[in-house]
Amino acid sequence: MQIDGHHGLTYIAARLAGFTAYDAQVIAYSAQYVDDATNWGVLRFDNGAMYFG
């Protein structure tokens with residue numbers, strides 16, 4: 001999806017849901033990151049969780 005979809009629309013939805021501009025930006029960045037990420041394999045988190053993508 002293009003950046004206007006994941007980033008822009010997510011930002012607007014977060015603001016309409018009552019999030020601050022800063023928090024909405026963090027949420028929108030996270031939504032866009034899945035399109036832009038080039039990582040693959042197993043991700044291990046500090047809390048012991050893992051994700052394979």
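**Exercise 1.** Is tyrosine 33 buried, partly exposed or exposed?

*Solution.* The model is predicted. Start with the cut-offs: buried is under 20% relative accessible area, exposed is over 50%, and partly exposed lies in between. Tyrosine 33 has a relative accessible area of 38%. Tyrosine 33 is therefore partly exposed.

**Exercise 2.** Find how many aromatic pairs the model holds, and name the kind of pairing.

*Solution.* Step one: ring centres must lie within 6.5 Å to pair. The count comes to one aromatic pair. Step two: the rings of tyrosine 29 and tyrosine 33 have their centres 6.3 Å apart. Step three: their planes stand at 35°. Stacked needs under 30 degrees and edge-to-face needs over 60. The pair is therefore tilted. In general, an α-helix has 3.6 residues a turn, so residues three or four places apart point the same way.

**Exercise 3.** Check the length of helix H2 against its residue count.

*Solution.* H2 covers residues 21-36, which is 16 residues. The expected span is 1.5 Å times one less than the number of residues. That gives 22 Å. The end C-alpha atoms are 22 Å apart, so the two values agree.

**Exercise 4.** Work out which residues of H2 are buried and how they are arranged.

*Solution.* First, list the buried residues: Ala24, Ala28, Ala31 and Gln32. Next, look down the helix axis. The buried residues fall within an arc of 95°, so they line one face of H2. Then turn to the face directed away from the buried side. It carries the exposed residues Tyr22, Tyr29 and Val34.

**Exercise 5.** Describe the largest pocket and its lining.

*Solution.* Begin with volume: the largest pocket holds about 160 Å³ of space. Its lining has 10 residues, and the closest to its centre are Tyr33, Ala37, Asn39, Leu43 and Tyr51. H2 gives the most to this lining, with three residues. By type, the lining divides into six nonpolar, four polar and no charged residues.

**Exercise 6.** Locate methionine 50 and state how far it is from alanine 28.

*Solution.* Methionine 50 sits in strand S2, residues 50-52. Its relative accessible area is 57%, so methionine 50 is exposed. Methionine 50 and alanine 28 are 22 residues apart in sequence. In space they are 23 Å apart, C-alpha to C-alpha.

How values were computed
Residues are numbered from 1 along each chain as its sequence is written. This is a predicted model: local features need pLDDT of at least 70, side-chain atom pairs count only at pLDDT 80 or more; totals for chains, interfaces and linings use all residues. Side-chain values use heavy atoms; hydrogens and water are left out. Helices (H or I, at least four residues) and strands (E, at least two) are DSSP runs, numbered from the N terminus. Buried means under 20% relative accessible area, exposed over 50%, partly exposed in between (1.4 Å probe, protein chains only). The arc is that of the directions from the helix axis to the C-beta atoms. Rings of Phe, Tyr and Trp (its six-membered ring) pair if their centres lie within 6.5 Å; planes under 30 degrees apart count as stacked, over 60 as edge-to-face and the rest as tilted. On a 1 Å grid over the protein atoms alone, a cavity is a set of points where a 1.4 Å probe fits but cannot get out, and a pocket is an open set with protein on both sides within 12 Å along at least five of seven lines; lining residues have an atom within 4 Å of a point. Grid points are joined across faces, edges and corners, and a volume is the space filled by probe spheres set on the points. Ala, Val, Leu, Ile, Met, Phe, Trp, Tyr, Cys and Pro count as nonpolar, Asp, Glu, Lys and Arg as charged, and the others, Gly among them, as polar.
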